Structure formats: structure tokens, C-alpha cells
Amino acid sequence: MKQFQVLQLTKTIGEKTLFENIQFTIHSGEKIGIVGQNGTGKTTLLSVLANEVIADEYEKKHPNDYTIRLLTQEDRLDLDLTIIETLFQSDTPLMRLNYEYEQVTRQLSEHPTDEKIQQRFTDIQAEMDAQGAWDMNTQARTILSKLHMLEPAKRVRDCSGGERKRVALAKVLLEESDLLLLDEPTNHLDIDSIEWLQTYLQQTKRAVLFITHDRYFLDEVATKIYELDQGKLYEYEGNYADFVMQKSEREQLAVQTAAKQQNRYRNELKWVMRGAKARSTKQKARLQRFDILKDDVLTKTRETELEMAVASTRLGKQVIEIESLAKSFGDRQLIEDFSALVKRTDRIAIVGPNGAGKSTLLKMIAGEEQPDQGTITIGQTVKMAHFHQHIPNMDTDERVINYIREVSNSIQTASGERLSATQMLERFLFPSHVHGTPIRKLSGGEKKRLFLLRLLMEEPNVLLLDEPTNDLDIETLTVLESFLDTFGGVVIVISHDRYFLDRTCTTLWALDGKGKVDSYYGLYSEYLAEPEEVVEVVKETKQEERPKERKKKMSYNEKREWETIEDDLMQLEEEIEQLNGQMEEAGSNYEQIAKLTEQLNEKNEALDVLLERWEYLEQLANEQ
């Protein structure tokens, strides 16, 4: 079994240390997902392992014949080649032979009467037979088919951006390697291709180290998780669900230290607020200790909070009305006779295969494209924000803080608090030392997060989100999902991220790419489970009036229970408080903390049950 060992890897960019003396070993067959906030160095790590970026310190151990292939997010393809030629553009004998075969095939189609080309074609065919190269050719075309690339003779220059990403993915999958490095491989893939890629990676004997924001994909493929956090690398055995559980346990142990630090911080703060009458050596030392402690505690607090519950402009009764919409490109009908009524709190996902017209529909709603037929009526109070799949060009020399201040110097949160642009940047995980940084120094995900903040600073009430999950880290996504839960307006989103759609949307507009748009009420995963039985959203109808139920009287036992239930609640709450105190005293005793955690969970569950019972009895008591 081959293995790739990394020792003492350190990499800094400017003043920022991405990783410091990290080490790990990758074994054959392992599928390792990398997680961490944008800017922690996930992409840089892959580039270092592929020898495309030089580390400050780095020692590696592996067999001499160990090969690594890297899928980047950048487009590095030769535009003059066809798709199938691109796949065989490699240095191995069988790949070179297939490359020559595809080139001569193209030449023969362009010059069918050229005898020299005809002879070369015959010779190459014979050599393909002799070398057994046809299997690789078949494999290449199968991979392209699974990725919905059905025109292998098409030139790369004529492909869309998404198609080029799929060509690059097909190429790296076809090439022989011991270690596959994949940076966001699910970007630009539709659901069928994602599920095929899941199965392909599960079955390959190669080691795979991959970055993805797709939590379902991570859960299905990963056998181990690497987390990059503040220059350190943490390893977790298992898939994404295992990672979430293990990280929770790790942070539970760390919270004891954090609680003690916060108590010290509060005590130090009281002393500093009183003011020191004299500046003795001891007092100066205490002030220095206070500054260090304050930075440590507040930095940890900022890193665990990404506040996004901002206010939105008031939305009136009329939002968006779509009537008999039609749109085509050339002979292809994308949308035909589509009508829909969007209400104030709707959460709508636009789904369908690549090229079905999802982004086109969103652009028509935004007024950026005109329909061939039909109308889209926008309410007078609607204030839209359109988050494009590709963020608009930024002035890369502009400072981060100025980019936000161009829109607004402050914003009101949902709770009525007024926050400055500086405060909002900090809540979006841009610490103060980054505010004056030129945008060019941000990672791709950080730029996307910055653009999202800029849109929200406009306080919209209708959000149009086109692939918002691409390039965003999982931590940012979880908070974005929580924000959408509390957002007071309409959300219409395009995404291939199944987890994100399940979390945020309850209505689907499903495009089939042939003009039909079905409406479905339910989760995206439920829709995928019954693709042939799409259910139309039923318009609200007035329900038949039901006879009023007679008031229910309390039984004798319920009256006795009502008299004591508040005392029972207080008793449970006191027991929970005692257990929390014991957790703090347990320190680093993991075994004791595990036992206390189990007891605490049982008490909290009992409290939930008792609270539900209390609400029921209170309702009965009020009806007496």
C-alpha cells in the first residue's frame, strides 16, 4: 500500500500564517475531505502538494513512482483542442496514442480524400489494437457522457465556463495517479453528475484529497476529514456527520478553558474600568496581560459568530406575478407558458439540468433579460438584490472597507441596532486588520462573502441567489442558511447543493430544458426521490368551516398535575444548573465530561417534555 507523508509543512502569505508545522499521512484508498473557513489555505494546501506553490518549510516522503493529479478552479485548457483531444493530452504512452488517434480522426473528417491522412489513420488504428488502447478511449467517452458532455469533437474555445470545468474534471479522472487532488469538483455539475461522481470516487482505489462545500457529497464520499483552523490541521475519522460530532466533543473540552478565560477577562475589565491611580511595574504588567486576554477572548468570540440577521425594506402585499412566460434561444424552447405568484415569505429553488434556463429565468425576474412572451409584474415595494453566479468585476486595488462604504456607512439589524460598515465586516469574519487590505489579497471565497455583504448592506426584501454556495466555506453556509430562516422577504435561489436547498427552500420550480416548468411543494431531496411524480403546487382554497370543538375540561388528575408542574419544572432547571457547574469543574477530565454530558442531555429532554405538558395544561386551565 502506497502512502504520502507530509512533515513540518509551513506556509505564510504576507503576514498571515496559513499552516505551521502541520503533518499528516495519506494512504491508498482514503477519501479525505478538507474543511475550513475561506482564507485558511485549503486551495493553497492542494497547490503545495502538487508542487505548484512553494512552501516555507516542507518535507515529504513517498515512493519514487508516486503520481499526483490536481483539479484546480482555474481554466488551464488549450482552447484550440477538441474536448476529447484535451482528455488525452498527457505524458503516458497510452494517453499519447489516443491523443494521436483523435487528432488524425479530426484531420480525416476535415480532409476525407487525403491519402496520407487515410494511411496514418489506418496505422494508428492498428497500433491502438496492438496496445489495447481502445478501453481507455471508451472510458474517456463514458466519463464525458456521465458529465453530460455529449459533443467530444467540440473545440474547447466553443465551450461555456461550466463545460470547461467539466472537461478539466474528466481529464483528471482519466489520468493515472496515486493521489487525486480535487478543488470543488461538484461546481458546475447537475445532480445526476454529482451522484455519478460520488459513486466513482467511492469505488476508486486511488487516494483522494478534496475540497467541497457540498455536505451531502462530503458525507457520502469522505472516510476522513481534515480541518484547517488558525494554522493547525485537525484530523477526524469518518464522514461529515462524524466530523460534526467529533468537533463538537473537541470544542466541548475547549469550552472549559474558554469559560475560565472569559471570567478572568471580566475581572480584569472591572479593574481596568476603575482605572489605576499609579502605573507601577505590576500594574503595567497587568494592563499588558489584560490586552492579551481581551484580544484572545474577543477574537474567539468573533470567529464563532457570523451575524447576518440584517433588516430588510418593508415588502407590500404584491411581490412578483409571472404570467404565461415564454423564452427560447434559437430553436430551443427553454420556458413555455409558465405562470406563478410569488408571496411575501416564499422560499423558492429553481432546479433542473445544466442549460435548462435556470439563470435565464432568474435574470428575467431581475429585469436583466426580456421574455419572448408573457409578463413579469414586480410590486412597487420590491427591492431586489441579485447575487450572480459570477461576481461582478471588483477594483482589486480598492480597500475592503471602501468597497462596503460605497453602498452604505451603516446598516440596521433585525433587532433595531445600528451597525457601522466596520462592525458588519467583523461580523462577516473580516477582522479589523483586513479592513484596509486591497481586495486582490482576498481568496475567491472571501471575495464572494464580501460581495454578499455589500448586497445585504442595501437592505433588500427580495433575494435572487444564483449558485451562492460555490466557493463559500461550510461555516459561512450554515450561517447563511440561518439568516435565510429569519429573512423577512422572498428568496429565489439556484443551486446544485442539495443540503443547502433542503435547508432553505420549500417550493421548487423544476425546469426540464424543453420548455416545461413544474412547481413542487416540498424538499429538494423528496423531489429527487420521485422525479416522475412531480406534484403541482395547489393554489390556496378556502377550507370548509368545521364545527367548533367543545371546550375540554380538566380531569381530576390533570388538576392535581397542574398544581405541582411548576415546582417540577423548577426542580429540573436546578438539576440542569448543577450539572453545568459540575461540567465547569471537570476541567480536562474527558471521561467525567462524557458522563455529565449524557446526564445533561437526558435532563434537557425531560425538560422539553415537561414544558410541552405545561403548555397543554395551561391551555386547559385558561378554558375553564
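**Salt bridges in a predicted model**

Glu-100 is partly exposed, at 34% relative accessible area. The model is predicted. It holds 30 salt bridges.

**Glu-100 and Arg-120**
- Glu-100 pairs with Arg-120 in a salt bridge, at 2.8 Å from N to O.
- Glu-100 sits in helix α3 and Arg-120 in helix α4 (residues 115–131), so the bridge ties together parts 20 residues apart in sequence.
- Arg-120 is partly exposed, with a relative accessible area of 37%.

**Arg-69 and Asp-91**
- Arg-69 forms a salt bridge with Asp-91, with 3.8 Å between the closest N and O atoms.
- Arg-69 belongs to strand β5 (residues 68–71), while Asp-91 lies in the loop between α2 (83–87) and α3 (93–110), so this pair ties together parts 22 residues apart in sequence.
- Arg-69 is buried, at 18% relative accessible area, because the cut-off for buried is under 20%.
- Asp-91 is exposed, at 53% relative accessibility, because exposed means over 50%.

**Arg-69 and Glu-175**
- Arg-69 also forms a salt bridge with Glu-175, the closest N and O atoms being 3.8 Å apart.
- This pair links distant parts of the chain, 106 residues apart: Arg-69 is in strand β5, and Glu-175 is in the loop between α6 (161–174) and β6 (179–183).
- Glu-175 is buried, with a relative accessible area of 9%.

Definitions and conventions: Residues numbered from 1 in each chain as written. Predicted model: local features only at pLDDT ≥ 70, side-chain atom pairs only at ≥ 80, totals over all residues. Heavy atoms only, no water. Salt bridge = Lys/Arg side-chain N within 4 Å of Asp/Glu carboxyl O. Helix = DSSP H or I, 4+ residues; strand = E, 2+ residues; numbered from the N terminus. Buried < 20%, exposed > 50% of the residue type's maximum accessible area, 1.4 Å probe, protein only.
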